[in-house]
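Please keep the sequence and the coordinates at hand while reading.

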Amino acid sequence: MDEFEKKYVILNDDKKIWNKLSLTEKKLFMRMKKDTRSSVRSLNQYLSKVKSIYKKNRKNFVITSYEFLKDTETIDKFLEKYKGKKDYYYSILLFLKGFVVEKKLIEHYTKKMVEGIDKSKKQIRENKKSKHQEENWMKYDEVLKLFRLNKYKLDNEDKLLLSLVILYPRRVADWKLLRLNKSNNKTKKDINYNYVNINKFGTPTTFDFNRSKSQNYEKLGTNHKIPNVLKKILQTYISRNHLQNGNFFFGENTDDNFSKRIRKCFQTI
């Protein structure tokens, strides 16, 4: 277990979750982790999906049992209405790694997960929007135009935030823990945060994404070149606000309502 902790319990969020787990849960996570790149945080989310299946079917969840999951007919019928059911099937398969399970059961859930993946890939290829997306869809050029016309309505911090979201599309939560790193910084960067790296001339050069929604399949600390359109915006903001090495761009204690903040910014423009 010590070796597992040293190798996989790296980020602060992972440590918080890991320390709250019981010994039985830790052993389960160690088995779930086998053959997957998912972080401890992600494993916890997968386990939560399994628990939600039990809860919504009014079944008592016991971490040492998978009895209810043997009822594949009920599980399939329940998950049929879920758009992201492939993720639920994957969660079930990871959970079942903690047990000696009948081959037939694994084959069933694997087949259902693959069907969900194929359906998702087909929707991506066809580029079909859901009904909700159709009702709320705006073209990128239109969003960009509205931003340029109305960004004066935002304060400087929110203006920078929306500039990043619009001009460098990533999962919005990736900007939540953004800090400044100067080239002359001799202190090792904390992998619990993302960084804007600037050279000795004060010019932003690259992003380091340590904390990312894509971190399960994107190498930790992946370095990305900052496009020219953002360099000037970032450089001006850093200079005007006298940001120092290690300073946060959007608050050190950014709360969990970060997505709501971004939605509010979009509503403003």
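Which residues does leucine 79 touch, not counting residues up to four places away in sequence?

## Nonpolar cores

In this predicted model, leucine 79 touches Ile53, Lys85, Tyr88, Tyr89 and Ile92, once residues up to four places away in sequence are set aside. Leu79 also belongs to the largest nonpolar core, a set of 35 residues in which Leu69, Leu79, Ile92 and Tyr109 have the most contacts inside the core. Several helices contribute to this core, with at least two residues supplied by each of H2 (12-20), H3 (23-32), H4 (40-56), H5 (72-79), H6 (85-96) and H7 (103-126).

As background, nonpolar side chains tend to be buried together in soluble globular proteins.

## The loop between H2 and H3

Leucine 21 is found in the loop that lies between H2 and H3. Its relative accessibility is 12%, and because residues under 20% are classed as buried, leucine 21 counts as buried. Beyond its neighbours within four places in sequence, leucine 21 is in contact with Lys26 and Phe29. Lysine 56, by comparison, is 35 residues away from leucine 21 in sequence, and the C-alpha atoms of the two are 23 Å apart in space.

## The E2-E3 hairpin

Strands E2 (residues 194-198) and E3 run antiparallel and are joined by four bridges, and isoleucine 198 has proline 204 of E3 as its bridge partner. The two strands form a hairpin with five residues between them, and in the turn glycine 202 has a positive phi of about 85°.

Strand E3 covers residues 204-209, and five of its six residues are buried, so the strand is largely enclosed by the rest of the structure.

## The chain as a whole

The protein chain has 12 helices and four strands, and its C-alpha trace spans about 60 × 50 × 30 Å along the principal axes. Of its 269 residues, 42% count as buried, while the accessible surface comes to about 17,200 Å², with 48% of that area belonging to carbon and sulfur atoms.

Among contacts between residues at least 6 apart in sequence, 55% join residues at least 24 apart. The chain has 62 positive and 32 negative side chains, and the centres of these two sets lie 4 Å apart.

How values were computed: Residues are numbered from 1 along each chain as its sequence is written. This is a predicted model: local features need pLDDT of at least 70, side-chain atom pairs count only at pLDDT 80 or more; totals for chains, interfaces and linings use all residues. Side-chain values use heavy atoms; hydrogens and water are left out. Buried means under 20% relative accessible area, exposed over 50%, partly exposed in between (1.4 Å probe, protein chains only). Two strands pair if DSSP finds at least two bridges between them. Contact means heavy atoms within 4.5 Å. Accessible areas come from the Shrake-Rupley method with a 1.4 Å probe; for residues, only the protein chains shown count as cover. Lys and Arg count as positive and Asp and Glu as negative; His and the chain ends are not counted. The place of a charge is taken as NZ of Lys, CZ of Arg, CG of Asp or CD of Glu. A nonpolar core is a set of buried Ala, Val, Leu, Ile, Met, Phe, Trp, Tyr and Cys residues joined through side-chain atoms within 4.5 Å.
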